[in-house]
Amino acid sequence: MVGVVVVSHSERAAEGIVEVAAEMGGDARIEAVGGDRDGGIGTSMDAIRAGIEAAADDGGGVVVLVDLGSAVMNAEIAIEKASIEGDVEIADAPVLEGALNAAVEATNPNATVESVLEAATDAREYRKL
Amino acid sequence: MVDSETEREALLAAISNVADRLTEEREYLTDLDSAIGDADHGANMDRGFEAALDRAESTDGDAAEMIKTVGTALVSAVGGASGPLYGGSIMSASAELEEGITPETTVAFAEAYLEKVRDRGDAPVGAKTMVDALVPAVHTYKKSIEADDLPPLEALRKAVDAAERGVEFTVPLRAKKGRASYLGWRSVGHQDPGATSTLLILEELLQTTEQYVDSEADGDSDARDATAPAEPAIDPDDAETENGDAVDGEGE
């Protein structure tokens, strides 16, 4: 199964986004990663790396959803350093809508990293009004 | 070309000098960052280079390996975007030092570092970021070595001058990248903290290189103790003295 990692500057935001995504894609493997290494607002490369490795444990690959700025950069380095089987991709997508789409697609038995990434990226087109 | 023991000693001295300088300038960087950011750049850089020095001291590897551990430590210990920008770029660029520290490898390192920072940060020149100090410094260094055939120490001096002008250039700019960009026009009139910390690091690299090149010439390089506390290296011409009371030398 393709794993999903949600990275936010806030641990509570990451957990909340995973909670929303799990409502629709409850069987997906989703990891929430948030906050800096002291629990403040920020992101931690080491925590993201651990999240990717946890989400990747069955070898199906991982799609990472990120919020802002350092979340993207730390996720890039975490991917370089993570020791896992399978591909890892960062989705260029809004974090909540993308995570929800990704979780739903990940529960599809034919899902691949590409299809989950595409589902997440589709969320870019969603308009609110 | 120096032997690997002197190279290691000089590198540790450089990292130690940078760490000390960032401790001294912690409040100054924090002040700059509180004007247009989240007031953590001083503490983050101080903590980062303390961790980097620790790790580098306990590494037995060659120059490339040592610099790579510096990058790894910075990624883990520096928060915000500076961790991945400084640390991730140093990690990647360290591969250029596998043949040791020479004029050619340091140009390659500087170019690889700049490329990674630009790639990861996606910031053009003029967006009020560390790129504004880095681009003129790296271009000047490369030109001085490759086109003008200057000695490395002279090339590094010119690079530091170029970085200093780049830092001054950030003051009137409107931020287009990073947290300061959320302030829009209100970011104008403030010096960029990331460009400033880039300059501080380059100044310490120059300072350390001067010590080692001079001591090489005097033939007493073995007498130097790389673990000794570094002299405070505040040059009266430093950019920060233009900011009134910014330099107070206190670590906390």
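**Reading the interface and the cores**

Modeller: Start with the area that the chains hide from each other. In this predicted model, chain A and chain B bury about 1,200 Å² between them, and 54% of that lies on carbon and sulfur atoms. On the chain A side, Arg37(A), Met73(A) and Ile77(A) lose the most area to chain B, together 41% of what that side buries.

Colleague: How many residues does each chain bring to the contact?

Modeller: Chain A gives 13 residues and chain B gives 16 residues.

Colleague: How many salt bridges cross the interface of chain A and chain B?

Modeller: The rule looks for a side-chain nitrogen of Lys or Arg within 4 Å of a carboxyl oxygen of Asp or Glu. Here it finds 4 salt bridges. One of them joins Arg120(B) to Glu76(A), whose closest N and O atoms are 2.9 Å apart.

Colleague: Which helix of chain A supplies the largest share of the side that touches chain B?

Modeller: That is α3(A), with 7 residues. The side of chain A that touches chain B holds 4 nonpolar, 3 polar and 6 charged residues.

Colleague: And what should I look for inside the protein?

Modeller: In soluble globular proteins, nonpolar side chains tend to be buried together. The largest nonpolar core here has 42 residues, of which Leu22(B), Phe49(B) and Leu74(B) touch the most other members. Its largest share, 7 residues, comes from α4(B). Beyond its neighbours within four places in sequence, Leu22(B) is in contact with residues including Leu29(B), Phe49(B) and Ile201(B). A second, separate core has 21 residues, among them Val4(A) and Ala91(A).

Notes. Residues numbered from 1 in each chain as written. Chains lettered and ligands numbered in written order. Predicted model: local features only at pLDDT ≥ 70, side-chain atom pairs only at ≥ 80, totals over all residues. Heavy atoms only, no water. Contact = heavy atoms within 4.5 Å. Buried area = accessible area lost by both parts, 1.4 Å probe. Helix = DSSP H or I, 4+ residues; strand = E, 2+ residues; numbered from the N terminus. Nonpolar A, V, L, I, M, F, W, Y, C, P; charged D, E, K, R; others polar. Core = buried A, V, L, I, M, F, W, Y, C linked by side-chain atoms within 4.5 Å. Buried < 20%, exposed > 50% of the residue type's maximum accessible area, 1.4 Å probe, protein only.
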